[in-house]
Amino acid sequence: MSIDYSERIPNNVDLAGDRRLQRALESWQPRFLQWWGEMGPTLPTQDVYLRTAVDVGRAGWAHFGRVRLPDYRWGIFLAERNPDRRIAFGQHKGEPVWQQVPGEHRASLQRLIVVQGDTEPASVEQQRRLGLTAPSLYDLRNLFQVNVEEGRHLWAMVYLLHAHFGRSGRDEAEALLLRNSGSEDAPRILGAFNEETPDWLSFFMFTYFTDRDGKYQLGTLKESAFDPLSRTCEFMLKEEAHHMFVGTTGVDRVVERAAQLMREHDTADIAAHGGIPLGVIQKYLNFHYSVSLDLFGGETSTNVANYFSSGLKGRWQEERRGDDHVLTEVVTAIEQPEGGRVVSVELPALTALNHDLRTAYIKDCETGVTRWNRILDGHGITGYPRLALPHVGFNRRVGAFAGCHVTPGGQITDAATWAAGRPSWLPTPADKAHVESLMRPVYEPGKIAAWLAPPRSGINGQPLDYEYVRF
Ligand code: BYC
């Protein structure tokens, strides 16, 4: 079903056919816009070259054009319904998927939707000041594209809450606008979404590592037996791909510029030459990767076992897996700290599903590191340590390694050794101050800040010197 843009709330769910729901969402809409005005991007602009979803089908779903940010058409878009879709896993495997929420799963499903929904506006809040220091109009436009789509992902979850969870769903939808990233009194639910994103290196790392958690979590919710959740996540995943592109190519460009400066000046200490040294890039990577690993929850979790068995949340690429999709008889190995060492233990696969998802995520993260190191190779950089993912136990607050002092190499140490190593492993105040000192806005079409390389190509076939944002 194509998207109806003549409606106040663009949608492909026949909102006009359900007046009560339409009215409820129309009364949430001004509150969303107020939140966007107060907590969204702070940089005033005239218009931005953005893509807007026009269809949910495979081909040609996006339209590009200049849009005033507050006029962006946030709406409700679900992927096409497959009338034959059946539950792929758990106790209900083989049964038709649910169009309504079964009473016994109401609380759990609502919780999952609220947690997912909470991250979307949180990221907009974290990124709200970045426009003030954008390294180019191209980057500024990408930031705003990410922001409006995260806003739309909030709409996606709010639709589910309003349409399927009655009064408590409406209350939760309201609360999604009341919690704020980093707030003392009402913080966002998950840790990584209360961290700051104060500079563009953090933004690129966030969109590489934290948006990638989003990809994997949405991938598991796409498998859900609750069909409206599955369909909405399927469409969100299409939008999400661009966010990760921003992260991957953003870090590419920082690494590339670092390599150029290292060659030019024959030193790794390129801070004085306006670059970000590889050691600092590694520390930012360590930080964003470790807080993103926390987003997978504990390695062992009865919550996740229940979600899986009851059909609420599947595994990454569930249907491509060769096992029985029920997992009651299956065991798996996980790493955990024991007596000062990291050991491997066997556990029921069902309770280790967060670990299963995290394993797929880590493999995906490694592709970025390989590609950044290839950029260094391409510039003939030798004699310096390559970028690497730290050990899963490093800097963790959630799961088996929480409270342990693990080095990036995977050694368990004591608090004093860890504290002494910390400045070499995580960004120091001096590192942050240096990165901050490079954050000066470049708003001239075609111009790029000197701390990163230009992108390989423009957006939607436009040239690099296109005026992606007008003031
Ligand atoms: N911080 O059994 P456990 C994205 C809670 S990112 C604080 O180990 P479980 C995006 C947990 O809720 C994707 N609390 O974990 C990216 C539980 O509390 P209750 C977001 C945490 O339940 C960039 C307790 O600790 N989507 O989309 O198996 C930009 C025990 O936990 C944390 C989702 O996460 C934490 N890090 O799984 C924009 C999907 N971790 O219930 C967007 C929905 C755990 O005992 N969420 N806790 O009170 C879920 O699937 C699960 O809630 C989790 C945790 C994966 C988060």
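These legends walk you through close-up views of a predicted model.

**View A. A three-stranded sheet.** Here you can follow an open sheet of 3 strands in the order E2-E1-E7, with antiparallel pairing. Strand E2 (62-67) and strand E7 (469-470) form the edges, each pairing on one side only. Strand E1 (residues 47-53) is joined to E7 by 2 bridges, and the two run antiparallel. Look for Val-48, which stands opposite Val-469 in E7.

**View B. The helix on the sheet.** Helix H3 (residues 137-164) packs on this sheet and touches E1, E2 and E7. The direction of H3 makes about 45 degrees with that of E1.

**View C. The largest pocket.** This pocket holds about 1,100 Å³ of space. Its lining has 50 residues, and the closest to the centre are Leu-190, Gly-191, Ala-192, Val-291 and Leu-295. At least two lining residues come from each of helix H2 (106-126), helix H5 (200-221), helix H7 (278-294), helix H8 (302-309) and helix H11 (429-438). H5 gives the largest share, 9 residues. By type, the lining divides into 21 nonpolar, 15 polar and 14 charged residues.

**View D. The second largest pocket.** The volume here is about 420 Å³. Among the 19 lining residues, Asp-18, Leu-21, Tyr-159, Ala-163 and His-164 lie nearest the centre. Helix H1 (19-39), H3, helix H4 (166-175) and helix H6 (227-265) each give two or more residues to this lining. H3 supplies the largest share, 4 residues, and H3 is also the helix that packs on the sheet.

Conventions:
Residues numbered from 1 in each chain as written. Predicted model: local features only at pLDDT ≥ 70, side-chain atom pairs only at ≥ 80, totals over all residues. Heavy atoms only, no water. Pairing = 2+ DSSP bridges. Contact = heavy atoms within 4.5 Å. Axes fitted to C-alpha atoms, helices over the stretch in contact; angles between N-to-C directions. 1 Å grid on protein atoms, 1.4 Å probe; cavity = no way out; pocket = protein on both sides within 12 Å on 5 of 7 lines; lining within 4 Å. Points joined across faces, edges and corners; volume = space filled by probe spheres on them. Nonpolar A, V, L, I, M, F, W, Y, C, P; charged D, E, K, R; others polar.
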